[in-house]
Amino acid sequence: MAEDCPFTVEDLRCPVCCEVFDVPVTLSCKHSFCKTCVQTHWDSRETRQCPLCRRTERSSRPPVNQALKMALDVFKKKPEQFMVKSVELCSIHNEELKLFCRKDAELICVVCTSSRGHRNHDYCPIAEAASEIMKELTTRYNPLKKHLTDFEKLKVSLEELEAYIQKQAAETAAEVKQEYEKLYAMLREEEAARLMVLQNERDSKTEVVREKLEEVNKSIEQLSDIINYIEPIIIADDLTFLKECKEAIRRTSSTVPEPEYPARALIDVPQYLGSLKHGVWKRMERDVSYCSVNFDPNTAHPNLIIRDELTTISYGEKQQLPDNPERFTGRMAVLAASGFNSGKQRWDVEVAHSKEWYIGVARVSIKRKTAVFLNPTDGFWVIANNEESYWAQTSPRTRLTLKNKPQIITVELDYDKGKVSFSNAADGASIYSFKDKFTERIFPYFAIGINKGNTLRICPV
């Protein structure tokens, strides 16, 4: 009969009063107690926590454990049919292990407390030690779970990034091919050369992402191994738990690098599409258009459509693009592909087809994921138009009065003198000038309103 019974005598004892259960109830954490013992414990603490693991119990009336109750009924009638739980003994003194030495993190018997190895050490009952260490291990375990979640999210992002790089490279290659078809057979060699560079960059950047994925997978594997090691220990009985807790704590102390999204991992599209015709100028006997400034698709807001060899932007349907660090999401903006940290630069922007626009320059460190004020304090030297009203984005804004509505605006940057000037390209009339001191790399900046059809175009030199 004893072999058929799933409970031992020790299983029928309440951990609080150490007596056989009167009315056994089981909490949501699976620990069982006398109904009166657990209620008395809750009343004294003024909180519903498990006396062993201290997990908060949601129900004020935990259910009666019917299996234990039936076993109790059998035990009261025929106690001899129940097995006596085996007792683990001290290997040195052959006494029952009842205490835990905090200093050595070892199970000990009562005799060990006066022995040379544990004399004057801090020790406590097993249940108390298990409760204390369980709390410490839980505080270490929960951040690991969150850390694992962060890595899993990063893994998904990296997998999407890898797929997008393939798509972006393919789309860029297709556009390159279309442009080269216009240059006839004499340009085939140049086309092949550029595509080879593109493919090499695709391969190299794909390899970077795959290496990052491998690092993340290793981190996930490492964290999973730690968590898989800890989980069965947490739910084990106190003796097993305390045997393994030292190793568990050691493993949770191992450091795992923070998840990190790779910067500038996308294809350098301007290298292949930006002013493509100018790259083969010396091999041609006819004029080609050349723009000194090109838009950088890797910085463009997802609603900005870029075309015409990266010289035209317009507002359109939102595209599924990676949220890489360089990309604007706070404003409908884009930067030029190249920045400047010295000398003089000049470019013309056609604004005739946009009811709302912002053009000028910005420093490389500007915030891109949140909406910010477009003023010099925040790194912008910009003028704007909003439904026929023109402004210099100073702090506060300066309203501009223009004699003629500009169709094309000339932007001139003198980095060394800290000057940004705007003028009407049609008659050279000055619109506004900023005077400041530049300490970072400066990029041409462009933004438009959210009206469909809003378009800005960089004019050829």
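Colleague: At what angle do the axes of helix 4 and helix 5 cross?

Modeller: In this predicted model, the axes of helix 4, residues 188-234, and helix 5, residues 238-252, cross at roughly 155° and come within 10 Å. Since angles over 145 degrees count as roughly antiparallel, helix 4 and helix 5 are therefore roughly antiparallel to each other.

Colleague: And is the crossing of helix 4 and helix 5 left-handed or right-handed?

Modeller: Helix 4 passes helix 5 in a left-handed crossing.

Colleague: Which residues in helix 4 and helix 5 meet?

Modeller: On the side of helix 4 they are I226, Y229, I230, I233 and I234, and these meet F241, E244, E247, A248, R251 and T252 in helix 5. Sorted by class, this contact has 7 nonpolar, 1 polar and 3 charged residues.

Colleague: Switching to the sheet of 7 strands, what is the order?

Modeller: The sheet is open, its strands are arranged in the order 6-7-18-9-14-15-16, and the pairing is antiparallel. At the edges are strand 6, residues 304-307, and strand 16, residues 430-435, each of which pairs on one side only.

Colleague: How many degrees are neighbouring strands turned against each other on average?

Modeller: The average is 20° between neighbouring strands of this sheet, with direction ignored.

Colleague: Over how many bridges do strand 9 and strand 14 pair?

Modeller: Strand 9, residues 344-350, and strand 14, residues 408-414, pair over 7 bridges in the antiparallel sense. As one example of a bridge, Q345 has L413 in strand 14 as its partner.

How values were computed: Residues are numbered from 1 along each chain as its sequence is written. This is a predicted model: local features need pLDDT of at least 70, side-chain atom pairs count only at pLDDT 80 or more; totals for chains, interfaces and linings use all residues. Side-chain values use heavy atoms; hydrogens and water are left out. Axes are lines fitted to C-alpha atoms, for helices over the stretch in contact, and angles run from 0 to 180 degrees between N-to-C directions. Helices (H or I, at least four residues) and strands (E, at least two) are DSSP runs, numbered from the N terminus. Angles under 35 degrees count as roughly parallel, over 145 as roughly antiparallel, 65 to 115 as roughly perpendicular and the rest as oblique. A crossing is left-handed if the near helix is turned anticlockwise from the far one by less than a right angle, and right-handed if clockwise. Contact means heavy atoms within 4.5 Å. Ala, Val, Leu, Ile, Met, Phe, Trp, Tyr, Cys and Pro count as nonpolar, Asp, Glu, Lys and Arg as charged, and the others, Gly among them, as polar. Two strands pair if DSSP finds at least two bridges between them.
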